[in-house]
Amino acid sequence: MMNILTVALKEFFGMFIDDGALALAALLLTAIVGVLVKFAHVDALLVAALLLLGCLLILAESLTRAARRRFQRK
């Protein structure tokens, strides 16, 4: 019975979050940028640039990881 629940939960979350590491990194980046804005009073343009570059780096790392997995299977 637990196995069925585990599979069902994984499938449910898989509908919304396919790559857990990507989602976690995006949440972490958002939290860091939020802390910078709230407590360090960093300039808005700098924060926007950091957010953009961070997202691009996260996406590039996720793409590299997915490509590596795909080529290792063949």
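Met1 counts as exposed, at 76% relative accessibility. Exposed means over 50% relative accessible area, buried means under 20%, and partly exposed lies in between (1.4 Å probe, protein chains only). Met1 sits in the segment before H1. Helices are DSSP runs of H or I with at least four residues, strands are runs of E with at least two, and both are numbered from the N terminus.

This is a predicted model, where local features need pLDDT of at least 70, side-chain atom pairs count only at pLDDT 80 or more, and totals for chains, interfaces and linings use all residues. Residues are numbered from 1 along each chain as its sequence is written, and side-chain values use heavy atoms, with hydrogens and water left out.

Start with H1. It has 15 residues. From its first C-alpha to its last it reaches 22 Å, close to the 21 Å expected at 1.5 Å a residue. The expected span is 1.5 Å times one less than the number of residues. H1 is hardly covered: the count of buried residues in it is 0. Phe13 belongs to this helix. With a relative accessible area of 48%, Phe13 is partly exposed.

Next comes the loop between helix H1 (2-16) and helix H2 (20-40), where Asp19 is placed. Is Asp19 buried or exposed? It counts as buried, at 17% relative accessibility. Its side chain makes a polar contact with the side chain of Arg65, at 3.2 Å. A polar contact is a pair of N or O atoms within 3.5 Å; within protein, one must be able to donate a hydrogen and the other to accept it, and residues adjacent in sequence count only if both atoms are side-chain atoms. At the start of H2, a side-chain oxygen of Asp19 also reaches to within 3.3 Å of the backbone nitrogen of Ala21.

Leaving out residues up to four places away in sequence, Asp19 touches Ser62 and Arg65. Contact here means heavy atoms within 4.5 Å. Ser62 lies in helix H3 (residues 44-73). Ser62 is buried, with a relative accessible area of 11%.

Follow H2 along. Its 21 residues should span 30 Å at 1.5 Å a residue, and its end C-alpha atoms are 29 Å apart, which agrees. Just after H2, His41 takes a positive phi of about 50°. Most residues other than glycine have a negative phi. His41 is not a glycine, yet its phi is positive. His41 sits in the loop between H2 and H3. It is exposed, with a relative accessible area of 64%.

H3 includes Ala44. Ala44 is exposed, at a relative accessible area of 60%. Ala44 and Phe71 are 27 residues apart in sequence and 40 Å apart in space, C-alpha to C-alpha. Met1 and Phe71 are 70 residues apart in sequence and 35 Å apart in space, again C-alpha to C-alpha.
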